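Take a first look at the fold below.

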Amino acid sequence: MFVVDEVPVGVFRVDGNFFALHNECPHAGASLAHGLIDGDVVSCRIHHWRFCVRDGTYLDQNQPEQNAKTIPVRVVGAEVQIDIAVD
Ligand code: FES
């Protein structure tokens, strides 16, 4: 877990690709970076809600409003760069 411009970011590596989510679980704010990973699915350790790390989709029910917020990632050389939009 990283904090970038005061935004907590969970970074996940799946099959050599990097993905980032806002680190606070949409349910009650637990750290997704400290969740359990199974392929491209992260499960929150507290109440076990599951999210796709690729697109943030909440996988347990069809409730798009509960999707995790994705954060754009790119790899430049040896760096993993996170794009935190400033409003
Ligand atoms: S805080 Fe993540 S499922 Fe409840």
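**A walk through the fold**

Start with the contacts. Among contacts in the protein between residues at least 6 apart in sequence, 33% join residues at least 24 apart. Two residues are in contact here if their C-beta atoms, placed from the backbone, lie within 7 Å.

A word on the source. This is a predicted model, in which local features need pLDDT of at least 70, side-chain atom pairs count only at pLDDT 80 or more, and totals for chains, interfaces and linings use all residues. Residues are numbered from 1 along each chain as its sequence is written.

Now the overall form. The protein has 0 helices and 9 strands. Helices (H or I, at least four residues) and strands (E, at least two) are DSSP runs, numbered from the N terminus. From that end, the elements read β-β-β-β-β-β-β-β-β. The C-alpha atoms fill a box of roughly 35 × 30 × 20 Å, taken along the principal axes. How does the radius of gyration agree with that of a compact globule? With 87 residues, such a globule would have a radius near 12 Å, and the protein has 12 Å, so the two agree. This radius is taken over C-alpha atoms, and the globule rule is 2.2 Å times the number of residues to the power 0.38.

Next, the strands. Strands of a sheet pair through backbone hydrogen bonds, either parallel or antiparallel. Two strands count as paired if DSSP finds at least two bridges between them. β3 and β7 pair in the antiparallel sense over 2 bridges. L21 has T70 in β7 as its bridge partner.

Look also at β8 (residues 73–76) and β9 (residues 79–82). These strands pair in the antiparallel sense over 4 bridges. V76 stands opposite E79 in β9. The hairpin of β8 and β9 has 2 residues between the strands, and G77 takes a positive phi near 60° there.

Turn to the interior. In soluble globular proteins, nonpolar side chains tend to be buried together. Of the 87 residues here, 21% count as buried. A residue is buried if 20 or more other C-beta atoms lie within 10 Å of its own, exposed if 12 or fewer, and partly exposed in between, with C-beta atoms placed from the backbone. The largest nonpolar core has 13 residues. Such a core is a set of buried Ala, Val, Leu, Ile, Met, Phe, Trp, Tyr and Cys residues joined through C-beta atoms within 7 Å. L21, L32, V42, F51 and V53 have the most contacts inside it. β3 gives the most to this core, with 3 residues. Which residues does V42 touch, not counting those up to four places away in sequence? V42 touches F12, L32, G35, L36, I37, F51 and V53.

Finish with the loops. D5 lies in the loop between β1 and β2, and E6 lies in the loop between β1 and β2 as well. Phi of D5 is near 50°, a positive value in a residue other than glycine. Phi of E6 is near 70°, again positive in a residue other than glycine. D5 counts as exposed because it has 9 C-beta neighbours inside 10 Å. E6 counts as exposed because it has 6.

D15 is found in the loop between β2 (7–14) and β3 (17–22). Is D15 buried or exposed? D15 has 6 C-beta neighbours inside 10 Å, so it counts as exposed. D15 and D40 are 25 residues apart in sequence and 8.8 Å apart in space, C-alpha to C-alpha.
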